[in-house]
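Dear colleague,

Please find below the structure that I am handing over to you. My notes on its disulfides follow, and I would be grateful if you would read them with the structure open.

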Amino acid sequence: MNLVIKTWVLAVVVGLAGCNASSGGSDYSVADESRPAAEATACLAGDQSIASDSGCLMDDAACYPIADGSWCTGPRVSTCPMGSTPLPAELPCPEGARCFAQSESLQCVIGG
């Protein structure tokens, strides 16, 4: 009986694998970066349209594709989460405090 169950399980696994292999087409349940998101048709207010992602702003900026194949970019203001405060870049983390990078240009400190 044990051999019958093993054979049945093997047949089910092989059958499912065959169905998956023969289904063809693309599986759009996973992110396909070459396919623009259907809902992104224009830049957000304050952002600008650019030809490619190579023109995106750096350091605390948004960069996203839109449906026509172009990209949008714009600055984003980073803030420290509630319970922490900004730490000036020139200062080291105070003793007894916990510091973390909130973004490329913003360090935050908790405690100390």
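**Disulfides and the core**

The torsion about the S-S bond of Cys43 and Cys72 is about -85°, so this disulfide is left-handed. Cys43 sits in the loop that runs between helix H1 (2-22) and strand S1 (48-50), while Cys72 belongs to strand S3 (residues 71-75), so the bond ties together parts that are 29 residues apart in sequence. Its S to S distance is 1.9 Å. Please bear in mind that the model is a predicted one.

The two ends of this link may be described in turn. Cys43 has 23% relative accessibility and counts as partly exposed. Cys72, by contrast, has a relative accessible area of 0% and is buried, because a residue is called buried when that value is under 20%.

Cys72 also has a place in the largest nonpolar core, which has five residues in all: Ala40, Ala62, Tyr64, Ile66 and Cys72. When neighbours within four places in sequence are left aside, the contacts of Cys72 include Ala62, Tyr64 and Ile66 from that core. Also among its contacts are Gln48, Ser49 and Ile50, as well as its bonded partner Cys43. Two further cysteines, Cys56 and Cys63, are in contact with Cys72 too.

Cys56 and Cys63 are themselves joined by a disulfide, with an S to S distance of 1.7 Å. The torsion about their S-S bond is 50°, and the link is right-handed. Cys56 is buried, at a relative accessible area of 10%, whereas Cys63 is partly exposed, at 35% relative accessibility.

A further disulfide connects Cys93 to Cys99, with the sulfur atoms 2.0 Å apart. Here the torsion about the S-S bond is about 90°, so this disulfide is right-handed. Both ends count as partly exposed: Cys93 has 36% relative accessibility, and Cys99 has 24%.

As regards the overall pattern, a search of the whole structure finds four disulfides. If the bonded cysteines of the chain are numbered in sequence order, the pairing reads 1-4, 2-3, 5-8, 6-7.

To summarise the handedness, the Cys43 and Cys72 link is left-handed, while the link of Cys56 and Cys63 is right-handed, as is that of Cys93 and Cys99.

With kind regards

Methods. Residues are numbered from 1 along each chain as its sequence is written. This is a predicted model: local features need pLDDT of at least 70, side-chain atom pairs count only at pLDDT 80 or more; totals for chains, interfaces and linings use all residues. Side-chain values use heavy atoms; hydrogens and water are left out. A disulfide is a pair of cysteine sulfur atoms within 2.5 Å. Helices (H or I, at least four residues) and strands (E, at least two) are DSSP runs, numbered from the N terminus. Buried means under 20% relative accessible area, exposed over 50%, partly exposed in between (1.4 Å probe, protein chains only). A nonpolar core is a set of buried Ala, Val, Leu, Ile, Met, Phe, Trp, Tyr and Cys residues joined through side-chain atoms within 4.5 Å. Contact means heavy atoms within 4.5 Å.
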